[in-house]
Amino acid sequence: MSKPVYVMAVLTAKPGRRAEILSAFAENLPAVLAEDGCVTYVPAIDHPGSTAPQGDDVIVVVEEWSSADHLEAHRTAPHMVAFGERVGPLLANRAIHVLEAP
């Protein structure tokens with residue numbers, strides 16, 4: 001049986017471009033949620049009053065996939081390739097952390 005895979009994707013927008021990325025994310029979200037193996041896929045930004053804020057340009061995408069194979073299919077899905085092409089120029093940095101439970 002495959003283990004679930006968790007992803008924390010930290011996307012840092014170029015200054016002032018976070019809203020554009022969130023808009024593109026919202027447009028792409030239905031296609032991602034319809035993917036086989038997608039359990040959770042949600043963007044998150046700082047909660048007001050956070051004691052450890054990420055900053056005004058940061059989006060953390062919280063994901064759960066049923067297996068590493070499902071995550072790989074997601075990564076190469078046509079809508080994700082198109083999303084990457086669309087938001088890539090808007091990003092200053094990205095860090096993708098792929099995790100599993102111990």
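These notebook entries record what I looked up in a predicted model, going from the sheet to the helices and then to a pocket.

**Entry 1: the sheet**

I began with the strands, and I noted that four of them form an open sheet in the order β2-β3-β1-β4, with antiparallel pairing. I then asked which strands stand at the edges. They are β2 (38–44) and β4 (91–99), each of which has a single partner strand, so one side of each is left without a neighbour in the sheet. From one strand to the next I found a twist that averages 10°.

**Entry 2: α2 against α3**

Next I turned to helix α2 (residues 68–76) and helix α3 (residues 78–87), whose axes come within 5 Å and cross at roughly 55°. The two helices are therefore oblique to each other. On the α2 side I listed His 74, Arg 75 and Thr 76 as making the contact, and on the α3 side Pro 78, Met 80 and Val 81. Sorted by class, these residues are three nonpolar, two polar and one charged.

**Entry 3: α1 against α3**

How far apart are the axes of α1 and α3? I noted 10 Å for helix α1 (residues 18–33) and α3, which pack at an angle of about 180°. That angle makes α1 roughly antiparallel to α3, because angles over 145 degrees count as such. From α1 the contact takes in Ile 21, Ala 24, Phe 25, Glu 27, Asn 28, Ala 31 and Val 32, while α3 brings His 79, Met 80, Phe 83, Arg 86 and Val 87. I counted the classes here too, and the contact of α1 with α3 has eight nonpolar, two polar and two charged residues.

**Entry 4: the largest pocket**

Last, I looked up the largest pocket, which holds about 480 Å³ of space. Its lining has 22 residues, and the closest to the centre are His 74, Arg 75, Met 80, Arg 94 and Ile 96. Two or more lining residues come from each of β1, β3, α2, α3 and β4. By class, I recorded 15 nonpolar, three polar and four charged residues in this lining.

Key:
Residues numbered from 1 in each chain as written. Predicted model: local features only at pLDDT ≥ 70, side-chain atom pairs only at ≥ 80, totals over all residues. Heavy atoms only, no water. Axes fitted to C-alpha atoms, helices over the stretch in contact; angles between N-to-C directions. Helix = DSSP H or I, 4+ residues; strand = E, 2+ residues; numbered from the N terminus. Parallel < 35°, antiparallel > 145°, perpendicular 65-115°, else oblique. Contact = heavy atoms within 4.5 Å. Nonpolar A, V, L, I, M, F, W, Y, C, P; charged D, E, K, R; others polar. Pairing = 2+ DSSP bridges. 1 Å grid on protein atoms, 1.4 Å probe; cavity = no way out; pocket = protein on both sides within 12 Å on 5 of 7 lines; lining within 4 Å. Points joined across faces, edges and corners; volume = space filled by probe spheres on them.
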